[in-house]
Every structure is written in structure tokens, then in C-alpha cells.
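The sequence and structure come first.

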Number of protein chains: 2
Amino acid sequence: MSEHDVKSAVLRANERFYQAFTRGDFTTMRDVWAEHAELTCLHPGSSLLHGQREVLGAWQQILTAPAPVALRCHDPQVQVHGDVAIVTCYEGNAGQAPHLAATNIFLLENERWRMVHHQAGPLAQARPAPPTTRSGSSMN
Amino acid sequence: MSEHDVKSAVLRANERFYQAFTRGDFTTMRDVWAEHAELTCLHPGSSLLHGQREVLGAWQQILTAPAPVALRCHDPQVQVHGDVAIVTCYEGNAGQAPHLAATNIFLLENERWRMVHHQAGPLAQARPAPPTTRSGSSMN
């Protein structure tokens, strides 16, 4: 598989994470995360969540909240190192300028890119509003 | 090499990153980061730095500032996936409660664990002050 194809596959996995988020779809979110590997997650402002139970439990709470957050991914950048891929991107509510920066780490588990770690933290200044409100798909 | 030895080697690389930070030692900081791999960095509140020139240029500015920051690492947790290791930890100024959460990613490059990505972001509430002001070295 070419480097371009690998990065495209990683970006699709990353996109699926934000789709699950935006749709409040916990079934997909659970599937986005790795099944066998150790999971960790640092939500903005929060202490470390460690392990399936803590990480997925928090996502279940977030995604079943009465007002789900339509969080979009902007300008994802991918680095691939063998079976591990690092995605950095910005996050913003639909139609608004991105206000968070994120690191998403994926592991190739049984030939699928599955998330093993997520950290998001606030930007001091929101990024300029993107030209479209669709999720980004650039690859550098 | 046992899993324990691998994690110890990763933690030493992580510790060296914080020593370089605390000592304002740019030569060591430059050596902590990978030589050949793509580098990315998300400082608290800041936009993505991408590539050797941007990432190391920012570190040179930070480390040569008149008042260097004695930043300590607390409670590092390590996940190893082949040649890539993910360290999550808290960061705090010497003698103070940790006020940041961080993701540090290391790549085994020419048999040395070298940093390829760092993100740090603020905690909403500072963590309880650690029992000692020494850098942590726990391994889970």
C-alpha cells in the first residue's frame, strides 16, 4: 500500500471519530477505539483517563448528553510510523472557528486503524474560520 | 529487551526532555527530538508547529528566554507499540502542583528513543501537589 493510501486510511479513521462525536453515536465511537491495546484520553482541562472502562465510559457520557457537540475536524496532518499514526488537527463547533488543538493516535490493529489516544486542549485564540464547514481532509 | 526495559528506556528519554526544559539546555533539547522523522508540537494555547525548523526554533526561543521555566514531569504513563511509544504525564513548575497535561510521542530512531511530537494543555484544576518535587518515574 502506498504512503498516500495509508494516510488516506488513517484520515478516514480520524474522520469517523469526529462523525461519531458529532452524531452522538457511541456505537461507532466504541468501534473507533482499539479493542486490545491500552487506551488513554486527555479531554480539555481533564485528568488522564486510562483503560477501556474509563475512556469509553467518559465517551458514553459525552455522547449521550442532551445537547451533543457537533465538533468538526480541521486541517488534519498525518505522520505514519509503521503501525502507528499520529494525527494533529484543530477542532471547532460546526460553523465556528476552531478553538481546540488535538492529537489523535491510531494503531493498526487487525488491519484496521483504531484510536489508542486522544488529547485536545484549548487554543489561546480561535483559528481563522475555515473556508467551508465540512471537515477537512488535507494530507501533508 | 523486556517490556520493562523498553519502558525504562522511554522514560529516560522523557526525563531528558524535562531536564533540557528545566535547565534551559537547547543542545540537549535538540538531541531529544528525532533527527530524521517528521516533528510536530502543540504548545499550550498555540497553533501547530510542523517540521524541524519550526519545532526546534520555538524550543530555542523558549529555552533561551531570560527566565527559564523549571517544568517537572509527574506520573508518566507509557504505552509502547513497536517502535513508537506514547507517554502521558502531568507538568508543573518546580514545587508547585501540576497545571498541565501532556502527550509525548517517541520513535525508536537508530536504536534511540527520540521525540517526534509533544502536546501540552492546561488542566482545569491543578492536580494535588506531589509528595516530592523530583520528577516522577512511575511506570504503568
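The points below cover symmetry, interface and cysteines in turn.

This is a predicted model, in which local features need pLDDT of at least 70 and side-chain atom pairs count only at pLDDT 80 or more, while totals for chains, interfaces and linings use all residues. Residues are numbered from 1 along each chain as its sequence is written, chains are lettered from A and ligands numbered from 1 in the order in which they are written, and side-chain values use heavy atoms, with hydrogens and water left out.

**Symmetry**

- Chain B is superposed on chain A by a rotation of 180° with 0.0 Å of shift along its axis, at an RMSD of 0.0 Å (least squares on the C-alpha atoms of residues with pLDDT of at least 70 in both copies).
- This is the relation of a two-fold axis.
- Within chain B, Gly121(B) has the C-alpha nearest the axis, at 2.6 Å from it.
- Both copies use the same surface, as 100% of the contact residues of chain B recur in chain A (contact means heavy atoms within 4.5 Å).

**Interface**

- Chain B gives 34 residues to the contact, and chain A gives 34 residues.
- About 2400 Å² is buried between chain B and chain A, 59% of it on carbon and sulfur atoms (buried area is the accessible area, with a 1.4 Å probe, that two parts lose on being put together, summed over both).
- On the side of chain B, the residues that lose the most area to chain A are Gln79(B), His81(B) and Gln119(B), together 20% of what that side buries.
- On the side of chain B that touches chain A, the largest share, six residues, comes from β6(B) (strands are DSSP runs of E, at least two residues, numbered from the N terminus).

**Cysteines**

- Over all chains, the structure holds zero disulfides (pairs of cysteine sulfur atoms within 2.5 Å).
- The closest cysteine sulfur to that of Cys73(A) is in Cys89(A), 3.6 Å away and too far for a bond.
- Cys73(A) is buried, at a relative accessible area of 0% (buried means under 20%, exposed over 50%, partly exposed in between, with a 1.4 Å probe and protein chains only).

Conventions:
Helices (H or I, at least four residues) and strands (E, at least two) are DSSP runs, numbered from the N terminus.
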